[in-house]
Amino acid sequence: MSVVSPTSLFQKVIKICSSVTQVEKVRVRDYKTVERYISRILHKGPHALQVITDFDCTVTKHHVNGTRCLSSSGVINRSPLLPPESKAAFIRLFEKYYPIEICLEIDEGEKFQHMVDWYKQARVNMMTCALKEDMIKKSIALSTIQLRDNVQDMFKMLHRNQIPVLVFSAGIGNVIEELLRKYDILYPNVEIISNFMEFSEKDGTLLGYKDLMVHPLNKNETVLGDENKYFMDLSHRDNAILLGDHTSDVQMSRGMPHTDSILKIGFLNDKISERLNRFMEVFDIVLIDDQSMDFVNQLLRVILSEHK
């Protein structure tokens with residue numbers, strides 16, 4: 001971490017943000033770089049800005065009172081509405097592949113294939129569950145998934161200022177969509193790129209998945225295809241704030257055709273001592289075990305108020 005003292009603009013950000021979160025939870029890789037990014041974002045204004053965010057453990061909480069919260073996939077995979085044997089199969093897959101996903105010692109190429117294998121097997125297992133569309137809303141109500149504190153404020157602020165939000169997730173898009181709808185934050189400026197299930201219009205039975213398979217290591221231009229329509233339509237917005245909870249999440253902006261400044265903020269939720277150094281290598285700002293969106297909200301308020 002840089003020992004350079006914060007300059008005036010970022011000092012203002014830190015001062016304001018310290019009123020809503022503990023300063024010791026905020027780590028900055030390089031103050032001068034962060035201020036340069038914020039200055040460029042301020043200079044071009046909201047019309048040149050977009051937000052790119054992961055969903056699970058970024059928009060949602062990782063844990064509450066020490067207990068792990070479910071992800072959007074877990075909402076379905078661990079649902080009490082599923083047959084016990086299907087849930088057991090999902091748990092076995094998680095126990096086999098999740099340690100691989102978060103392991104810092106495994107080569108990315110090898111890890112990539114493991115993620116493909118995991119998601120293919122999970123999809124095959126899901127087809128044995130007799131899942132119906134109305135079970136999604138019911139499973140959310142029965143689950144421990146929770147939005148980060150004050151995340152609704154972020155979505156409202158971005159909607160009010162007409163700033164596009166891309167939710168780029170390796171989870172289940174139908175669950176993400178329903179959860180955002182539940183809290184009235186599925187605004188027109190929000191786009192979700194994720195794994196979407198398809199259901200029968202006749203009886204709501206699961207038919208399969210849409211062609212797109214998004215896993216933790218291909219959340220970038222690889223999965224967007226040659227046309228890359230989302231980012232191309234926003235090519236005039238060359239500044240971005242990126243939010244994620246895995247080091248691979250920093251790749252989510254790789255589809256942007258033109259970039260000026262991309263401020264990368266990482267949520268380090270667990271295994272702090274093991275993963276902090278790696279997070280500091282790839283994120284500009286790291287928030288340590290902060291289960292709120294307060295820092296990001298205050299940062300946005302500073303950026304938007306300064307531009308008025």
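How many nonpolar, polar and charged residues are in the lining of the second largest pocket? By class, eight are nonpolar, four polar and five charged. Here Ala, Val, Leu, Ile, Met, Phe, Trp, Tyr, Cys and Pro count as nonpolar, Asp, Glu, Lys and Arg as charged, and the others, Gly among them, as polar.

## Ground rules

This is a predicted model, where local features need pLDDT of at least 70 and side-chain atom pairs count only at pLDDT 80 or more, while totals for chains, interfaces and linings use all residues. Residues are numbered from 1 along each chain as its sequence is written, and side-chain values use heavy atoms, with hydrogens and water left out.

## The two pockets

A pocket here is an open set of points on a 1 Å grid over the protein atoms alone, where a 1.4 Å probe fits and protein lies on both sides within 12 Å along at least five of seven lines; lining residues have an atom within 4 Å of a point. Volume is the space filled by probe spheres set on the points, with points joined across faces, edges and corners.

The second largest pocket holds about 290 Å³ of space. Of its 17 lining residues, L104, E108, K111, T247 and R278 lie nearest the centre. Helix α11 (272-282) gives the most to this lining, with four residues. Helices and strands are DSSP runs numbered from the N terminus (helices H or I, at least four residues; strands E, at least two).

The largest pocket has about 800 Å³ of space. Its lining counts 37 residues, and S71, S73, F94, W118 and Y119 sit nearest the centre. Two or more lining residues come from each of α3 (72-77), α4, α5 and β5 (165-172). By class, that lining has 15 nonpolar, 11 polar and 11 charged residues.

## The aromatic cluster

F94, Y97, Y98, W118 and Y119 make up one aromatic cluster. Rings of Phe, Tyr and Trp (its six-membered ring) pair if their centres lie within 6.5 Å, with planes under 30 degrees apart called stacked, over 60 edge-to-face and the rest tilted.

There are six aromatic pairs in the structure. Y97 and W118 are stacked, at 5.9 Å centre to centre and 10° between the planes. Y97 lies in helix α4 (residues 84-102) and W118 in helix α5 (residues 108-126), so this pair ties together parts that are 21 residues apart in sequence. W118 also pairs with Y119, edge-to-face, at 5.8 Å and 70°.

Y97 is buried at 3% relative accessible area, W118 at 11% and Y119 at 14%. Buried means under 20%, exposed over 50%, and partly exposed in between (1.4 Å probe, protein chains only).
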